[in-house]
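Take a look at the model below.

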Amino acid sequence: MGQGLWREARNQQLQQEYGEHWDAGPGLDGDPQDLGMEMGVNPGQAPPSPGVRDLPPHPHPRRHPQHCQGADIYQLLRARRGKEQQGFIDLEMLPPELSITILSYLNATDLCLASCVWQDLGHDEYLWQGLCKSTWGHCSIYNRRLPYGFSYRRLYMMLDEGSLTFNANHQEGISYFMSKGILVDHPKEQAKFIFCTRTLNWKMLRVYLDERRDVLDELVTLHNFSNQFLPNALRDFFRHIHAPEERGEYLETLITKFSHRFCACNPVLVRDVGLSPDAVYVLCYSLILLSIDLTSPHVKNKMSKREFIRNTRHAAQNISEDFVGHLYDNIYLIGHVAA
């Protein structure tokens, strides 16, 4: 009972005296015992408070008053004052490499705001160059001799604006990149730009590639499927070139191009397993159908491994049973190839 009253009284008095001692200096900057002595209280003795002075001492006084609730409030107030005095960490006081790494996680809008505070860091060309090349890995302008006074910060703004324009209208977006000199009108350069960029909307990208088959051909040749298992290679392919939602001529074109590229990258596998572009074409469709069958909640009776092997070998008789079984295991354990 006595300890509870003592803690409550001390908390109340600290809250009352907090405003007076905020700028006092020694009371809040010193040791908790100095705070008690400044209030006229000896260390280990309860502070004077109305209704508490006449209470008899507790028969078992606390040996470590610094662990009481009053000391916790003191530490809280002291930490709060320290935060208000120090504010946020000044990035200019950190090593430049660390500061630039921190700023690299911001987008263009936040970086512009940060540059108002940290002008030297916010206008660092190495920072903006790294941001441009990490977001848009390839641009035609990177390979040209840059004029005097060239700003990567300005280039970042144009790349960001061009990506937003492309996501709204793919034709206007490509025209914007070429008008600013960021891209040249060549299928290979545009394919490299698409392959190394992750900010383009996949729906607009699919429409653009369907219209520009020359860019699609160059984009397929940028993939390297050497020593990759067929389902994993198909996932990697659809990660850059999203599959259409419905089966049609465009999907058939994608799978045909993938089949020829996969065989070209794996001549040893073609010789040992007996693969051919036509066989890979059949296996790709089988993998897509199996992915839908195993992952769709609407399919109640899932295809078994034996059924998949039997159905696939009817269409591709030269493929071994073990190889087809490994294909099933991959889809069963990892998931959809076009997710």
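This is a predicted model: local features need pLDDT of at least 70, side-chain atom pairs count only at pLDDT 80 or more; totals for chains, interfaces and linings use all residues.

At 1% relative accessibility, Val 337 counts as buried. Buried means under 20% relative accessible area, exposed means over 50%, and partly exposed lies in between (1.4 Å probe, protein chains only). Val 337 sits in the segment after helix 19. Helices (H or I, at least four residues) and strands (E, at least two) are DSSP runs, numbered from the N terminus.

What does Val 337 touch, leaving aside its neighbours within four places in sequence? The list is Pro 231, Leu 234, Arg 235, Phe 238, Leu 287, Ile 288, Ser 291 and Ile 331. Contact means heavy atoms within 4.5 Å.

Residues are numbered from 1 along each chain as its sequence is written, and side-chain values use heavy atoms, with hydrogens and water left out.

## The whole chain

The protein chain has 19 helices and 0 strands. Of its 339 residues, 39% count as buried. Now take the contacts between residues at least 6 apart in sequence: 63% of them join residues at least 24 apart.

## The largest nonpolar core

In soluble globular proteins, nonpolar side chains tend to be buried together. A nonpolar core is a set of buried Ala, Val, Leu, Ile, Met, Phe, Trp, Tyr and Cys residues joined through side-chain atoms within 4.5 Å. The largest such core here has 67 residues. Leu 159, Ile 194, Leu 209, Leu 230, Ile 241 and Phe 258 touch the most other members. Helix 17 gives the largest share of this core, 9 residues.

Leaving aside its neighbours within four places in sequence, Ile 194 is in contact with Leu 200, Leu 205, Tyr 208, Leu 209, Val 215 and Leu 219.

## Helix 17 and its partners

Helix 17 (residues 277–295) and helix 19 (residues 321–334) have axes that come within 10 Å and cross at roughly 40 degrees. Axes are lines fitted to C-alpha atoms, for helices over the stretch in contact, and angles run from 0 to 180 degrees between N-to-C directions. The two helices are therefore oblique to each other. Angles under 35 degrees count as roughly parallel, over 145 as roughly antiparallel, 65 to 115 as roughly perpendicular, and the rest as oblique. Helix 17 contributes Leu 283, Leu 287, Leu 290, Ser 291 and Leu 294 to the contact, and helix 19 contributes Phe 323, Leu 327, Tyr 328, Ile 331 and Tyr 332. By class, that is 9 nonpolar, 1 polar and no charged residues. Ala, Val, Leu, Ile, Met, Phe, Trp, Tyr, Cys and Pro count as nonpolar, Asp, Glu, Lys and Arg as charged, and the others, Gly among them, as polar.

Helix 15 (residues 249–265) also packs with helix 17, at an angle of about 125 degrees and with axes 8 Å apart. This pair is therefore oblique as well. On the helix 15 side, the contact includes Leu 251, Ile 255 and Phe 258; on the helix 17 side, it includes Val 280, Tyr 281 and Cys 284. The contact divides into 11 nonpolar, 3 polar and 1 charged.

## Helices 12 and 13

Helix 12 (residues 202–211) and helix 13 (residues 213–221) pack at about 105 degrees, with their axes 5 Å apart. They are therefore roughly perpendicular to each other. Tyr 208, Leu 209, Asp 210 and Glu 211 of helix 12 meet Arg 213, Val 215, Leu 216 and Leu 219 of helix 13. The classes here are 5 nonpolar, no polar and 3 charged.

## Two loop residues

Most residues other than glycine have a negative phi, and most peptide bonds are trans. Phi of Asn 227 is near 60 degrees, a positive value in a residue other than glycine. Asn 227 lies in the loop between helix 13 and helix 14 (230–240). At 76% relative accessibility, Asn 227 counts as exposed.

Val 299 is in the loop between helix 17 and helix 18 (305–315). At 26% relative accessibility, Val 299 counts as partly exposed.
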